[in-house]
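Take a walk through this model, one region at a time. Keep the sequence beside the coordinates as you read.

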Amino acid sequence: MEIPSKYDSSKVEQRWYDYWMEHGFFNSKPDDREPYTIVIPPPNVTGVLHMGHMLNNTIQDVLIRKARLEGKNACWVPGTDHASIATEAKVVAKLKEEGINKADLTREEFLKHAWDWTDEYGGVILQQLKKLGCSCDWDRTKFTMDDDMSASVIKVFVDLYAKGLIYRGYRMVNWDPEAKTTLSDEEVHYEERQGLLYYLSYEIEGSDEKVTIATTRPETILGDTAICINPNDDRYAHLKGKKAIVPICNRVIPIIEDDYVDMEFGTGCLKVTPAHDENDKALGEKHHLEIIDIFNDDASLNSFGMHYEGKDRFVVRKEIAEELKEKGFLVKTEQHTNKVGTSERTKAVIEPRLSDQWFLKMEDLAKPAIDAVLKTGEVKLFPKKFESTYRHWMENIRDWNISRQLWWGQQIPAYYYGDGEEDFVVAESKEKALELAQQAVISSGVERSLTTDDLRQDSDVLDTWFSSWLWPISVFGGILDPDNEEVNYYYPTNDLVTGPDILFFWVARMIVAGYEFRNERPYENVYLTGLVRDKQRRKMSKQLGNSPDALKLIEEYGADGVRVGLLLSSAAGNDLMFDEALCQQGKNFANKIWNAFRLVKGWEVADIEQPQAAQLGIEWYRAKFNQTLAEIEDHYSKYRISDALMAIYKLVWDDFCSWFLEIVKPEYQKPIDKKTLVEIVHLFEENLKLLHPFMPFLSEEVWQHMAERTPEQALCIADWPKVGATDSGLLNDFEFATEIISGVRNIRKEKNIANKEVLELMELNGEDSGSKMDAIITKLGNLSTIETVDTAVDGALSFRVKSNEYFIPIAGAIDVDAEIQKINEELKYTKGFLQSVQKKLSNERFVNNAPPKVVEMERKKVADAEAKIQTLEKSLASLG
């Protein structure tokens, strides 16, 4: 193949991805190799590639590609999540644009639209992941609504119900009025918002007296069914047993006593609205109060809202405040900050609402999952700091509200056969449900023959997380067929890479499911990435417009450039401050590797003797490679993926390109010896193996240009290097030699001595000599000789490395008189500068009044100037 002068990612990436796919390098089937398994955190079927996906999936691909090179049977299962709330909202919005109202459709009609939408737009993100280079086994792609995945969810529901762990309860739930569904506690985000505290007066029945109550939600007074006072509050002792009148609706309500009331908050009197507040509900149950729900499912007011019926709650808040003011019930308002719950998906303000829902008892289920992370260490979190968050959530776990008032998702397999909501059975199919319902009817003593037409399936669907918590098991068929070959081979999986924001939603619940349904962990390690933020530390979002287009980045910098850019600053668990300049750095790195490759391929080969410098250079680079490989392996073991990349980056850029290639390259227009070139190519190929997980496209392109390769010899399936012995003495000698070379190069630079001009080097104090590396020093310093001397050399420029002093005689190399004049001028200036700083420090007022840091800085200037004067005077003496 002809070698292009420049690396063009746009011409390379698709070609190699197609090649990998064509030869089935990403496919996995159970065999006798050690399995290495990752299941993708399934992105929403509605999703498109964003920076968080790019980071997360790049890390997964790095891990899977490394495992493949290590000879493991690497299996990365891709897929998407049906995302009940998000997808249903998108379908509803699309229908609205077409003039269709969801309420006018049957469930079957709506689901046809949802499936059409999913077929058209779903899975776009998986195609985009291919552009990034993700080496998933695409033949295994799963969707949480696939028939077998849904059947797994239904089977688990039935199983848990039979164990008495799933129950139906009338509870206060989090209601999302935009999605018109309930949410679990974990799907509600609390944020501080500035609002008002309204002080309202309620008349006491049968008297002229009034009592003042503070509320943040004046619209809910229409659902008040009591006023509560603390029995120990002397201010209100005279109200015991009396009744109050709710403003506007004029409902007469009892005044009750309970020490739940905080005497210090507001006025010490509490309005009780059992239908719209969790704590009020508890008071209502305790005191047998009436429950009045004033809201429709979209949070507009219903008929209990009187003349506000049909209006939105926030509109009513303003209007009712005006009415209360006009009628003399509003005493005053105050600014007030309180925490408001919002829906994670729709961002709508959550409404507490009493509702019949399905719940899963979590307390006992959570115990093995708590032990696995916090006691036995069977599941490890990286970084470890997230264990405290995990502990807090899991030890304070509440029953999981698993039902959602939606149509898109797995429909709850509960079938009602009577008139009431209590007569139901739970079964995996309608036929089985009919059988169970018939038995229930017979056992109740009623003579009645049922048909499937008498059964009404619960209209709710299950929470999306109720399907994704089974993901590592169900993708291998482990729920429906618990002893199948695939699940026995691939499960438990090895690593999970995800964000800490779903540590509870998904990670913890998968651990719970693993122990409940397979009695073992779902994975061994959980790598929690940080969030991708912009340079101003803001979270990237569509709303802020600070999230770059992922595909455009790939177009501009190449997939490898973007992968490197993302990972260079992505320490585990810490947020990534994304800067496009990092992608440019990644692209520059790709170009550096390409140019190094072209340099090596451009050399002519001859059957000549190997130079000593080349032999030494090869020995040193082998030792350096082994040392770095051991570091890289250590970083991988601790999931410090960014550090592993940085170690490879320095090895390739600094050690290989900047030092090694300089040492081994032949003289200008001369050939290279065969032995050296074979070693260079071998070491270059070892570098490519380390680079491949991070830069798959570039590394494969260079690898395939290096030699004629069969598909079996592709880099994608090559062998990962083994850590060899590291000669630390050799590495130390080389380190010493590089300092000598740098000293020579600095003198050339300072004195404008051309690189082609050959110099002599003399060394005083030879105990730490770099003599073992003299061949390399001679070549890279362009020296004629390196001699050891007993005394300082006159008429020479000098530099120091550790306890050794080095001299370069400069006769003929520089104009000595001009150099003496230049040094004298610099000496004069430095002495004058020193005098001015000393004068400042001799001023007591300055020393006593200036900040200590400023004084310290001035003293450092003195020390630096004195050291510089000493060096300049020494240089003058040597030239004298």
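Is threonine 830 buried or exposed? Threonine 830 has 5% relative accessibility, so it counts as buried. The cut-offs are under 20% relative accessible area for buried and over 50% for exposed, with partly exposed in between (1.4 Å probe, protein chains only).

This is a predicted model: local features need pLDDT of at least 70, side-chain atom pairs count only at pLDDT 80 or more, and totals for chains, interfaces and linings use all residues. Residues are numbered from 1 along each chain as its sequence is written, and side-chain values use heavy atoms, leaving out hydrogens and water.

Threonine 830 sits in helix H24 (residues 816–841). Helices (H or I, at least four residues) and strands (E, at least two) are DSSP runs, numbered from the N terminus. Beyond neighbours within four places in sequence, threonine 830 contacts Ala865, Lys868, Ile869 and Leu872. Contact means heavy atoms within 4.5 Å. Leucine 872 is 42 residues away along the chain, yet the two C-alpha atoms are separated by 9.7 Å.

Next, helix H4. Residues 107–121 make up this helix of 15 residues. Its first and last C-alpha atoms are 21 Å apart, close to the 21 Å expected at 1.5 Å a residue. That expected span is 1.5 Å times one less than the number of residues. Arg107, Phe110, Ala114, Trp117 and Thr118 of H4 are buried. Down the axis of H4, its buried residues fall within an arc of 100°, so they line one face. The arc is taken over directions from the helix axis to the C-beta atoms. That face packs against helix H3 (84–97), strand S4 (142–143) and strand S21 (461–462). On the other side of H4, Glu108, Lys112, Asp119 and Glu120 are exposed. Just after H4, glycine 123 takes a positive phi of about 80°.

Now the interior. In soluble globular proteins, nonpolar side chains tend to be buried together. A nonpolar core here is a set of buried Ala, Val, Leu, Ile, Met, Phe, Trp, Tyr and Cys residues joined through side-chain atoms within 4.5 Å. The largest core has 193 residues; Leu360, Phe466 and Trp469 touch the most other members. Helix H19 (residues 641–664) gives the most to this core, with 15 residues. Apart from this core lies another, of 30 residues, including Ile213 and Leu239.
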